[in-house]
There are 2 protein chains.
Amino acid sequence: MNPEKVVCPVDRTLSLINKKWSIQIIRDMFFGKKHFKEFKEDKPNLSNKVLSNCLKDLEKNGLIEKKVLNTSPVTTEYYLTEYGQSMNRIIYELAMFTLDDDLDENYPEDKRDELKNTFRQTLKIDD
Amino acid sequence: MNPEKVVCPVDRTLSLINKKWSIQIIRDMFFGKKHFKEFKEDKPNLSNKVLSNCLKDLEKNGLIEKKVLNTSPVTTEYYLTEYGQSMNRIIYELAMFTLDDDLDENYPEDKRDELKNTFRQTLKIDD
DNA sequence: CGGGATCCGGATGGATACTG
DNA sequence: CAGTATCCATCCGGATCCCG
C-alpha cells in the first residue's frame, strides 16, 4: 500500500521468538531455571545443538543474558533481560488460554485456580 | 514428581499453534481475511503446501472452520471458531510487546497509538 | 558442567507446475 | 480459486564423542 510499509507488530514480536523452543525456555526462566541442563528437563526432544542455537538466538535478540561464572568446571547462568521480562503478559495469556477452557478435562477446577495464581505471581501480573 | 504429571498450560496452548504460520493466519482472520489466497498476501515465503497443511492443522485443533461455498470455480472460506476467537488476548499481547517498546524506532508515537487502538478494536479487547 | 562437532535419518519448509 | 504433486533445501532430533 504505502511506500513506507509498516510491519505488523505481531510479526515483529514473533520474529524474536520464532524458534521452536524459545517460548518454553523463556517460561522456564520465569520459573527460576538458569542452567543449560535445567532447560533440557521435561523436554526429551530437545538436543544440545538445538538448545544451544536457541539460547544464542534469544541472546542475540536481547531477551536473555548469558553469564559465565566459572571456568573448570564451567558454570554458566542465563537470565532474562528487562526486555525479556516484558514477555510476561504473552506467557500469561498463553497459560490462561488453556486454563480458561472449561471443557479441558485435564485440569479439575481447583487445580486450575491454583495454577492461575501460580502464573499470576510468577509472572508478576498485577491487575 | 507426581504420578499424575500435569502438563504445563503454556505447552498445551503452544501445541495448538506450533506450526510456523499458525498465529499469523489467526491474526489475519481477526482482520477479516477468509480466503486461501488472502493468507498468502504479504507472506512471500508461505507456499501452497505449507499453508494447506497449516489450515488443516488449525481446523483439526478446533480453532478454525472451513466452509466450501461453491464448486467450479471453487470458493472456500475460513472462519475462526469461538475457541479460535478466544486467542484474541494472545494476539493482543504479541502486538503490545512491540508497540509498548519505546525504543523501537519503526513506529513513531502517533502511529503506535493508532495501531494500539486498531488492535484493541479488532480483537475486541475490553478493559 | 556447558557446551561444540559430527553424522544421520526424518520432518518440515519453499518453489514451481499443474488440476478440478 | 483452492488446492495437490513433485522436487529440493533446510531444520530438527538423537547419538556419540570431545574439549576446557
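Analyst: A:E41 is partly exposed, at 41% relative accessibility (buried means under 20% relative accessible area, exposed over 50%, and partly exposed in between, with a 1.4 Å probe and protein chains only). This residue forms a salt bridge with A:K33, and the closest N and O atoms are 3.6 Å apart (a salt bridge is a side-chain nitrogen of Lys or Arg within 4 Å of a carboxyl oxygen of Asp or Glu). A:K33, by contrast, is buried at 17%.

A second pair crosses between chains, running from A:D104, in the loop between α6 and α7 of chain A, to B:R12 in helix α1 (residues 9–16) of chain B. Helices (H or I, at least four residues) and strands (E, at least two) are DSSP runs, numbered from the N terminus. The closest N and O atoms of this salt bridge between A:D104 and B:R12 are 2.8 Å apart. A:D104 is buried, with a relative accessible area of 10%, whereas B:R12 is partly exposed at 24%.

Two points of convention apply. Residues are numbered from 1 along each chain as its sequence is written, and chains are lettered from A and ligands numbered from 1 in the order in which they are written. The model is predicted, so that local features need pLDDT of at least 70 and side-chain atom pairs count only at pLDDT 80 or more, while totals for chains, interfaces and linings use all residues; side-chain values use heavy atoms, with hydrogens and water left out.

Side chains of opposite charge can pair when their charged atoms come close. Over all chains, the search finds 15 salt bridges. One of them joins A:E114 and A:K111, at 3.8 Å from N to O. Both of these residues lie in helix α7 of chain A, three residues apart, or about one turn of the helix. A:E114 is partly exposed at 46% relative accessibility, and A:K111 is partly exposed at 27%. Salt bridges also link A:D11, B:R27, B:D28 and B:K43 in a network.

The contact between the chains may now be taken as a whole. Chain A contributes 36 residues and chain B 36 residues, contact meaning heavy atoms within 4.5 Å. The two chains bury about 3100 Å² between them, 64% of it on carbon and sulfur atoms. Buried area is the accessible area (1.4 Å probe) that two parts lose on being put together, summed over both.

Three salt bridges are found across this interface. There are also 11 residue pairs in polar contact across it, with both residues at pLDDT 80 or more (a pair of N or O atoms within 3.5 Å; within protein, one must be able to donate a hydrogen and the other to accept it, and residues adjacent in sequence count only if both atoms are side-chain atoms). On the side of chain A that touches chain B, α1 (9–16), α2 (22–30), α6 (88–99) and α7 (109–122) each supply at least two residues. The largest share, nine residues, comes from α6(A). By type, that side of chain A divides into 21 nonpolar, five polar and 10 charged residues. Here Ala, Val, Leu, Ile, Met, Phe, Trp, Tyr, Cys and Pro count as nonpolar, Asp, Glu, Lys and Arg as charged, and the others, Gly among them, as polar.

Aromatic rings also link the chains. Six aromatic pairs are counted over all chains; rings of Phe, Tyr and Trp (its six-membered ring) pair if their centres lie within 6.5 Å, and planes under 30 degrees apart count as stacked, over 60 as edge-to-face and the rest as tilted. A:Y83 and B:F97 form a tilted pair, 5.0 Å centre to centre with 35° between the planes. A:Y83 lies in helix α5 (residues 82–85) of chain A and B:F97 in helix α6 (residues 88–99) of chain B, so this pair joins two chains. A:Y83 is partly exposed at 27% relative accessibility, while B:F97 is buried at 6%. For A:F97 and B:Y83, the ring centres are 5.0 Å apart and the planes stand at 35°, so that pair is tilted. Since A:F97 lies in helix α6 of chain A and B:Y83 in helix α5 (residues 82–85) of chain B, that pair likewise joins two chains. A:F97 is buried at 7%, and B:Y83 is partly exposed at 28%.
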